[in-house]
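Here is a short tour of the structure shown below. Keep the viewer open as you read, and follow along one element at a time.

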Amino acid sequence: MHPSHFFSSSNVLIVAGKGGVGKTVTAAAVATAASRAGQSVLLVEVAGRSGAASLFGAVPKGYEESTVFEETEIDGIRHGSITLKSITPDAALMEWLETHGFKRLVGRMATTGLLEVVATATPGIKDLLILGRIKAFEEAGAYDLIVIDAPAAGHAVGFLRSPAGVRDAAKTGVLHRQAVEVLEMIGDPDRCKVMLVTIPEETPVNEMIETSFAIEEELGVHLGPAVVNSVLPDLDDLDHDLATLAAGADLELTDNERTALATAADFRAGRLRLQHEQLDRLGALLPLDQIRLPHRFGSSIGPDEIAELASVLTTAIEALPEEGDE
Amino acid sequence: MTGFAELLAESQVVICCGTGGVGKTTTSAATALAAATAGRRACVVTIDPAKRLADSLGIGELSNTPTVIDGPWDGTLAALMLDTESTFDEVVRRHAHDDAQADRILGNRFYKNVSGTLSGTQDYMAVEKLSELSSSGEWDLIVVDTPPTRDALAFLEAPKLLTRLLDNPIYKVVTASNKGLIGVANRAAQGVLRQLARVVGAAVVDEAVAFFQAFQGMEDGFRDRAQSTLELLSDDRTAFVLVASPRSDTLDEARYFLDRIRSADLDASGVVVNRMLPATGVGTERAAMIEAELAGSPGASAATALADLAAAAADDEARVADLAESAPDAVLVRVPMLNDDVHDLDGLGRVADLLTADAPSATS
């Protein structure tokens, strides 16, 4: 599939997954790949402390929108801008009340602890209002694509279930209307899709399978390709004869080094075997296209690594079938 | 303090905290197993274990009472997968003046939101269960596997969850109006409630008001309980153990956790770093040189595997050393990456051995 088709097939891409699978990194790579496909991108973090800014070599700006990459032309190809925005549940609730004619209530909320009562009376209200805020961005149309770094720790289903929950809890009132409108957005694949991220290990793979079925069948939200992060590159010929290891090379190896070579080869072979088991299992149990992102050896992740991951992502998207071709 | 085994021996409560995806549940269960192996009566309270692990422990169902697990240890090992909602119901019944009051609360929809979906409820009920098990006197060590959260203090704040709601001026006004006290504050609050009804609907507001009214007379019981729970959490024999992995993002989170714990005048007694890569004994540069030399010859793949591993292990080690520096008094345990998820007692036993192995684990 052409990346520009992929990234313009929905207005909102929600990147979700269990904690520790590299969701923020994936969201940043998705934003970068979309920018290279000419889209102007808003990358929204909803989880609290912001981690995306440093991935773009920028300083976190808190809750202000901050553009970390300006629209530009590289080798005759237009790259869209990338803007970061952090939304917190409390801020979303306050902002929503203010813009819906409850300015007086906002003042009291802060001083009386009423916020907690409201949030308790209508579970899911904060998640709903974050989604509502995203919907407002989507409708305003200032960005071609909105990428969401969704809440961590397996809360993606709860996050996406919130509008239906609030719609049923608050049967009347402005909040009810808001819930209905957000439901329209997340249920429409032209407007919103979810990209789930996992790593090729047992528990995260199980979680992805469960979450996928919950999101698509129970919530009616559409899924994009499954992203498998941190995939170790294959190495052939890890079986070898220690004695012939360095044969022909102009290098003296100590016994310790020979042992280390064997240990490392065995360790890698073991990891690769487990990884293939999990990738096969995921492929067999989850009928989604897979996008695999490579494991990164060593140091921390910054702008260079994100650029590299974006290239891998773009290549993987190009390898996907065009919609309707399947 | 020299090692993790000593830390366990000196503790009556171990709170395992940390972000998701770092092996916290496995570490918690293995910690309890280590204590049982040392002859103690140990119980682990878990929130949401992976299904295979839960099944193999015989705790596949939510429960409120510990299930004793048979095994070759001298002490006792028990586990409990916390049923948050029914634990909350029990707490309400315990504090209620009579069954009628308890029923009024348990049937209220606002209460169901509190007990079922409110964030912090899991932490709150885990602490409640801890309190209950601790005062039963049946256990030498209780290990709590905390819900995954970004904020270490969520667990410490949890016991105040209800009392904070009850400190709400709305609650005071709602209950005051029952006593016939109509004043300026009340009229203002009524105005707020009317506005609120326009936002969330009148039925929702009525349920909230009914909840607060039903709670009258129970506040002191809850407040006392919250106080005694906090005392248990700050007791010398309660140890906070931070569980992490050597990935840079989880270590950043771990450092944030440590700062937060310290800001509450508590200290992490232990730091467990799971998934450490095996040490190769070969330096990063030398490994890279070997890889370059062996390119194209037999063993090229092994050399690449060694170069990758040596570089990654050195990075992990540097990051973990950084973390150790920010918790100089904590026992640091490195648990090597295991070849498979732990989902049976044998696996847990191996982790328990690794936790308590006589490795040079104390930082200085």
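## Chain A at a glance

A word before starting: this is a predicted model. Chain A contains twelve helices and ten strands, and its C-alpha trace spans about 80 × 45 × 45 Å along the principal axes.

Of the 326 residues in chain A, 48% are buried. If you look at contacts in chain A between residues at least 6 apart in sequence, 75% of them join residues at least 24 apart.

## The eight-stranded sheet of chain A

Chain A has an open sheet of eight strands with mixed pairing, and the order to trace on your screen is β3-β6-β2-β7-β1-β8-β9-β10. The edges are held by β3 (66-69) and β10 (290-294), each of which has a single partner strand, so one side of each lacks a neighbour in the sheet. From one strand to the next, the twist averages 25°.

## A helix pair in chain A

Next, find helix α8 (residues 156-169) and helix α9 (residues 173-186) of chain A, which pack at an angle of about 145° with their axes 8 Å apart. The crossing of α8(A) and α9(A) is left-handed.

On the α8(A) side, the contact involves Leu160(A), Pro163(A), Ala164(A), Val166(A) and Arg167(A). These meet residues of α9(A) including Leu175(A), His176(A), Ala179(A), Val180(A) and Ile186(A). By class, the contact between α8(A) and α9(A) has ten nonpolar residues, one polar and one charged.

## An enclosed strand in chain B

Now switch to chain B and pick out strand β5 (residues 141-145). Five of its five residues are buried, so β5(B) is largely enclosed by the rest of the structure. Both faces of β5(B) are covered: one side carries Leu141(B), Val143(B) and Asp145(B), the other Ile142(B) and Val144(B), and all of these are buried.

What does β5(B) pair with? Strand β1 (residues 13-17) of chain B pairs with β5(B) in the parallel sense over four bridges, and Cys16(B) stands opposite Asp145(B). Strand β2 (residues 41-46) of chain B also pairs with β5(B) in the parallel sense, over four bridges; here Val44(B) stands opposite Val143(B).

Note on methods. Residues numbered from 1 in each chain as written. Chains lettered and ligands numbered in written order. Predicted model: local features only at pLDDT ≥ 70, side-chain atom pairs only at ≥ 80, totals over all residues. Buried ≥ 20, exposed ≤ 12 C-beta atoms within 10 Å, placed from the backbone. Helix = DSSP H or I, 4+ residues; strand = E, 2+ residues; numbered from the N terminus. Pairing = 2+ DSSP bridges. Axes fitted to C-alpha atoms, helices over the stretch in contact; angles between N-to-C directions. Left-handed = near helix turned anticlockwise from the far one by under 90°. Contact = placed C-beta atoms within 7 Å. Nonpolar A, V, L, I, M, F, W, Y, C, P; charged D, E, K, R; others polar.
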